[in-house]
Amino acid sequence: MIGLRVRIKFDGQQLKKKVKNATFRSLGQAGGAIRLTARRSIKRKKGPSRPGTAPHTQTGNIKRTIRYDVGKQKQDVAVGPVRVTASKLWELHEHGGTKTSGKRQLVHSTFRVGDFGPIRKGRIVRRTTKSGRTQTYRYADKYQRIKLKTQAQAARATRLIAEENARRASDNLVRHYPKRPFMRPALVAMTPRLPKFWKDSIR
């Protein structure tokens, strides 16, 4: 008869450390795979894509803005466009919506005497005709803020703000963006393959 004694030492902290490191690596691999799938779905073509499909790109900028970032503390991964301008524009493609392009509206104010408000700053242009006559033209196409000294100036400043806002509103262009998702389809396509990134990851 042979006697055998086995002693097992369990190090819980070491195991937790290995699990955390393995999760970090697996999240990075999963994020990279989702990013690659999203980038491949965006084709470099002229003209818009069909609604419901991934958008087209002419320069490839949208592909370059798609990144992934793994949070080691929270144990998560974020995938998507990272640039501020790109994320706002491509969020419209992902979810659909409208965007108004144009100048912002000025803050509406009712000016009083003593306030600082806008006035038209005029300029004078003199031109000499072929006959030798001098013609004078007066233009008031620029604005300047001054301290309003009379009630007439205050009323005129209030009217200028209203007129400028009306002009800007007429120049605004509303663009409608139908849904052209590219991030959610990439996640859905990769979901069945995600478990393989965690398989045998703890070493």
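Which side chain meets that of E163 in a salt bridge? In this predicted model, the partner is R159, with N and O 3.7 Å apart. Both residues sit in helix 4 (residues 151–171), four residues apart, so about one helical turn separates them. An α-helix has 3.6 residues a turn, so residues three or four places apart point the same way. E163 is partly exposed, at 38% relative accessibility. R159 is also partly exposed, at 44%.

A search of the whole structure finds two salt bridges. E164 forms one with R167, and here the closest N and O atoms are 2.6 Å apart. This pair is three residues apart in helix 4, again about one helical turn. E164 has 12% relative accessibility and counts as buried. R167 is partly exposed, at 37%.

Helix 5 (residues 183–190) has buried residues of its own: M183, A186 and M190. Seen down the helix axis, they fall within an arc of 60°, so they line one face. The face turned away from that buried side carries R184 and V188, both exposed.

K63 touches R39, I42 and R44, leaving aside residues up to four places away in sequence. The C-alpha atoms of K63 and I42 are 7.3 Å apart, although 21 residues separate the two along the chain.

How values were computed:
Residues numbered from 1 in each chain as written. Predicted model: local features only at pLDDT ≥ 70, side-chain atom pairs only at ≥ 80, totals over all residues. Heavy atoms only, no water. Contact = heavy atoms within 4.5 Å. Buried < 20%, exposed > 50% of the residue type's maximum accessible area, 1.4 Å probe, protein only. Helix = DSSP H or I, 4+ residues; strand = E, 2+ residues; numbered from the N terminus. Arc of directions from axis to C-beta. Salt bridge = Lys/Arg side-chain N within 4 Å of Asp/Glu carboxyl O.
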